[in-house]
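Here are a few friendly notes to read alongside the model. Please keep the structure open as you go through the points.

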Amino acid sequence: RHHRNQSVQISNKKKKTNMVMRTSHKRFSKSLLSQSLKHPHQPLATFSSTTNNTKYSNVPSHIWQLNQRKLYKNPDHPIGILWNLVTNYFKQDKQLGILPSRSYVHRDDFNPIVSTKQCFDDLLIPKDHVSRQLSDNYYISEDTLLRPHTSAHQTEMMRAGHEAFLVLGDVYRRDAIDKTHFPAFHQIEGVKIVNLEELGTTDPQKALEIVNEDLKAVLEGLSTELFGETKQRWVDAYFPFTDPSLELEIFFEEDWLEVLGSGVIEPEVIRNGGMDPEKVVGWAFGLGLERLSMRLFNIPDIRLFWSQDARFLKQFKAGQITQFESYSKYPPCFKDVSFWLPSDFSENDFFEVLRNHGGDLIEEADCIDAFTHPKTNKSSKCFRICYRHMDRSVTHDEINTIQDKIRDDLQTLGYELR
């Protein structure tokens, strides 16, 4: 009877604790978002000490530090060079599209902590959409996260009355580990809003067609500015916040390369931005700076953008697109880890464990074998992890230490190692 009473007391305490956690969780979420909005220039690390360890708090310490680097503030860095090339294109006096040019507002100082309303709801992204998942994002609380795209500031800029703007920012996503993916990268969001009276028509379909043609003309010009004269094509796409949605591709180095995604903004998004879709229409585009910079500057590994090695940094100058020359190639160190898959297995969760311990030392992690036991129906995978430092050789001893920590962490999380 004593044990039963004790368990009831413990159960009641747990319920009270859970209620307190849920309440404090909401207060924390509002408080943190309020802090970030009041102090948009404050480094992320300032807020990191206030995060609580809940299901919706999955931002590791190394992610908090990346925001302080501000790569785009360096005009001699590939990211800064490309940002300035894009902004200079939109500063031109000449007409860029079929409609009169606008004076574009440029913003690169938004705090990357955003609400789920800004990031998803305002952009009509469904509640069950894969892009909202905890395994794909760095959440701070249930309704605040590190922005996974700069579109999160679209309605914010509209509500401030801006009708033409460019927003640059570092964005964060949990993703695969390879030479083209990194948990932090940079995006540009561009928007142009046009009053229907300027179009000379009250026909919504005709207005949409005019704006769509303006979008194509402006963005084809941007592509030519960056890559020179080359074949271009528009491909139908899907984004919840635009219709029609289009991707611009160019024929570059004997292959088709996606340059950007774009589309005519949905009326409901315009309404969420505090504007009247009965009076205005607009288009938007977004592009990733690392992906384009890797092709323009011939940079083979996305980790190089974050390198502080002078041999990398001194190769680039403001306003110039120069080809990167590899200064070294240190040997890799390969390690395998295999395990039976837990019921809630997510590759992004597994990759995050690797990043937490291996950081930038991990060049790639590939699944080299998958197996399902014929009797138990249990499934297992084996991943080969490629360790390689960008600036020095690694030793088996230091990698074995990291590998042991990864295995210990996986077992703690319920993985059954093989």
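1. Let's begin with the largest nonpolar core, which has 65 residues. A nonpolar core here is a set of buried Ala, Val, Leu, Ile, Met, Phe, Trp, Tyr and Cys residues joined through side-chain atoms within 4.5 Å. Buried means under 20% relative accessible area, exposed over 50%, and partly exposed in between (1.4 Å probe, protein chains only). Phe90, Leu146, Ile188, Leu199, Leu222, Phe227 and Phe285 touch the most other members of this core. Helix H8 gives the most to the core, with nine residues. In soluble globular proteins, nonpolar side chains tend to be buried together.

2. A word on the source: this is a predicted model, where local features need pLDDT of at least 70, side-chain atom pairs count only at pLDDT 80 or more, and totals for chains, interfaces and linings use all residues. Residues are numbered from 1 along each chain as its sequence is written, and side-chain values use heavy atoms, with hydrogens and water left out.

3. Next, look at Leu199 and Val194. Contact means heavy atoms within 4.5 Å; setting aside residues up to four places away in sequence, Leu199 touches Leu99, Val194, Ala207, Ile210, Val211 and Val281. Val194 lies in strand E6 (residues 184–195); helices (H or I, at least four residues) and strands (E, at least two) are DSSP runs, numbered from the N terminus. Val194 is buried, at 2% relative accessible area. Glu163 is 31 residues from Val194 in sequence, yet their C-alpha atoms are 7.3 Å apart.

4. Thr201 sits in the loop between helix H7 (196–199) and helix H8 (204–227). Is Thr201 buried or exposed? Thr201 is buried, with a relative accessible area of 15%. Beyond residues up to four places away in sequence, Thr201 touches Leu196, Lys206, Ala207 and Ile210. A polar atom of the Thr201 side chain also lies 3.0 Å from the backbone nitrogen of Asp203.

5. Helix H4 (residues 78–90) is worth a look too. Its 13 residues reach 19 Å from first C-alpha to last, close to the 18 Å expected at 1.5 Å a residue; the expected span is 1.5 Å times one less than the number of residues. H4 is mostly covered, with eleven of its 13 residues buried, among them Trp83, Tyr89 and Phe90.

6. Finally, the cysteines. How many disulfides (pairs of cysteine sulfur atoms within 2.5 Å) does a search of the whole structure find? It finds zero. For Cys382, the nearest cysteine sulfur is that of Cys367, 7.5 Å away. Cys382 counts as buried at 14% relative accessibility, and Cys119 is buried at 0%.

Note on methods:
Polar contact = N/O pair within 3.5 Å; in protein donor to acceptor, adjacent residues only side chain to side chain. Disulfide = S-S within 2.5 Å.
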